[in-house]
Amino acid sequence: MKYAVIDRGDQLSKSLAERFHQLAAERGLTRHDDTPDIIVSIGGDGTLLQAFHKYVDRVTDVSFVGIHTGHLGFYADWKADELDTLVTLMAEETPHLVRYPLAEIAVETDEQNFYYLALNEFTLKGVDATLVVQLSVNDESFEMFRGDGIVISTPSGSTAYNKSVGGAIVHPSIESLQIAEIASINNRVYRTLGSSFLLPQHHHCDIVSKKEQRLLLTIDHQSLQRTDIRSIRCSVSTRKVSFARYRPFPFWNRVRDAFVDM
Ligand code: NAP
């Protein structure tokens with residue numbers, strides 16, 4: 001089994017990565033940064049997002065394991081002092097693969113189309129002024145949105161930015177996309193739904209730019225600005241991300257531990 005390690009870059013994560021390589025060599029695991037089977041992320045959920053995007057072109061061929069060096073994460077369940085156990089399990093056992101849905105967008109610009117996958121979410125915001133976009137669902141006009149922005153999240157990303165803007169938490173077995181508003185303008189003139197909504201796997205949402213505007217598009221932790229975006233088609237990807245589980249890591253326990261139990 002071939003593995004790669006991505007660490008957050010801080011001293012603790014770097015030293016854990018070194019230790020991981022030592023233990024892995026002792027247990028007969030092969031380090032292969034280009035074509036790994038399993039990618040071990042050491043840091044936090046943000047580190048796993050980086051690992052995901054580094055290997056996004058091979059997402060259907062790899063699985064991920066997260067070790068956290070701070071608080072318990074949504075993607076990173078192993079603790080630093082469990083490194084030895086994890087390496088032994090990786091060497092000796094076949095993991096259970098848990099597959100989570102991903103979000104996909106097709107961005108149409110004046111010149112060409114771009115495609116992106118997100119593990120957590122995409123966001124769209126106006127850079128210089130209020131975002132003005134038309135939303136259509138399954139090619140039917142839905143609403144004219146004016147406000148700060150829109151969050152398009154995956155189920156596993158529903159506990160991240162989506163939750164901060166009042167979106168619901170969605171179990172990752174529900175193949176869906178959640179569309180949530182960031183500070184929409186609602187008054188006598190402008191009207192939006194005013195709540196988030198879920199799209200199932202076979203539906204799509206188009207977001208069409210309705211004026212010349214500089215847009216900020218974020219893809220998980222990455223961002224880009226463009227003035228030539230005409231429209232963005234959002235859907236649940238046919239591809240999924242896999243997590244290698246060597247022990248159970250129930251989603252609702254993670255939600256409770258992160259947000260309820262103090
Ligand atoms: P960051 O701004 O440094 O950290 C964002 C925080 O979100 C970190 O505490 C991170 O956990 C946590 N997080 C990441 N994925 C999560 C998930 N699926 N469920 C619950 N919490 C999660 O940025 P970053 O580390 O590069 O992460 C990028 C993410 O930040 C974006 O995908 C977006 O979801 C989130 N974000 C949230 C807001 C907001 O809530 N207002 C604003 C901007 C971005 P760790 O500490 O374990 O890494």
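This is a predicted model: local features need pLDDT of at least 70, side-chain atom pairs count only at pLDDT 80 or more; totals for chains, interfaces and linings use all residues.
Figure 1. Domain 1 is made up of residues 2-95 together with 246-259, and domain 2 covers residues 102-238. To the contact between them, domain 1 gives 13 residues and domain 2 gives 17 residues.

**Figure 2. The largest cavity and its lining.** A search of the whole structure finds one cavity of 30 Å³ or more, and the volume of this largest cavity is about 30 Å³. The residues that line the largest cavity are L135, E143, F145, I150, I179, A180, E181, L193, S195 and F197. Two or more lining residues come from each of the elements β10 (140-153) and β11 (176-184). Sorted by class, the lining of the largest cavity holds seven nonpolar residues, one polar residue and two charged residues.

Figure 3. Side chains of opposite charge can pair when their charged atoms come close. R230 forms a salt bridge with E108, in which the closest N and O atoms lie 3.4 Å apart. This pair links distant parts of the chain, with R230 in strand β16 (residues 229-245) and E108 in strand β6 (residues 96-109), 122 residues apart. R230 counts as partly exposed, its relative accessibility being 42%, and E108 is likewise partly exposed, with a relative accessible area of 30%. R230 also forms a salt bridge with D110, and here the closest N and O atoms are 3.2 Å apart. Again the pair links distant parts of the chain, since R230 belongs to strand β16 whereas D110 sits in the loop between β6 and β7 (113-118), 120 residues apart. D110 is partly exposed, with a relative accessible area of 46%.

**Figure 4. The salt bridge between R233 and D139.** R233 forms a salt bridge with D139, with 3.1 Å between the closest N and O atoms. The pair links distant parts of the chain: R233 is in strand β16, while D139 is in the loop between β9 (131-137) and β10, 94 residues apart. R233, at 35% relative accessibility, counts as partly exposed, whereas D139, at 56%, counts as exposed because its value is over 50%.

Figure 5. Across the model, the count comes to 14 salt bridges.

**Figure 6. T154 and its surroundings.** T154 is found in the loop between β10 and α4 (161-164). Its relative accessibility is 1%, and T154 therefore counts as buried, a class that takes in values under 20%. When residues up to four places away in sequence are not counted, T154 touches P101, L102, A103, A118, L119, N120 and S176.

Technical notes:
Residues are numbered from 1 along each chain as its sequence is written. Side-chain values use heavy atoms; hydrogens and water are left out. On a 1 Å grid over the protein atoms alone, a cavity is a set of points where a 1.4 Å probe fits but cannot get out, and a pocket is an open set with protein on both sides within 12 Å along at least five of seven lines; lining residues have an atom within 4 Å of a point. Grid points are joined across faces, edges and corners, and a volume is the space filled by probe spheres set on the points. Helices (H or I, at least four residues) and strands (E, at least two) are DSSP runs, numbered from the N terminus. Ala, Val, Leu, Ile, Met, Phe, Trp, Tyr, Cys and Pro count as nonpolar, Asp, Glu, Lys and Arg as charged, and the others, Gly among them, as polar. A salt bridge is a side-chain nitrogen of Lys or Arg within 4 Å of a carboxyl oxygen of Asp or Glu. Buried means under 20% relative accessible area, exposed over 50%, partly exposed in between (1.4 Å probe, protein chains only). Domain bounds come from an automatic or database domain assignment. Contact means heavy atoms within 4.5 Å.
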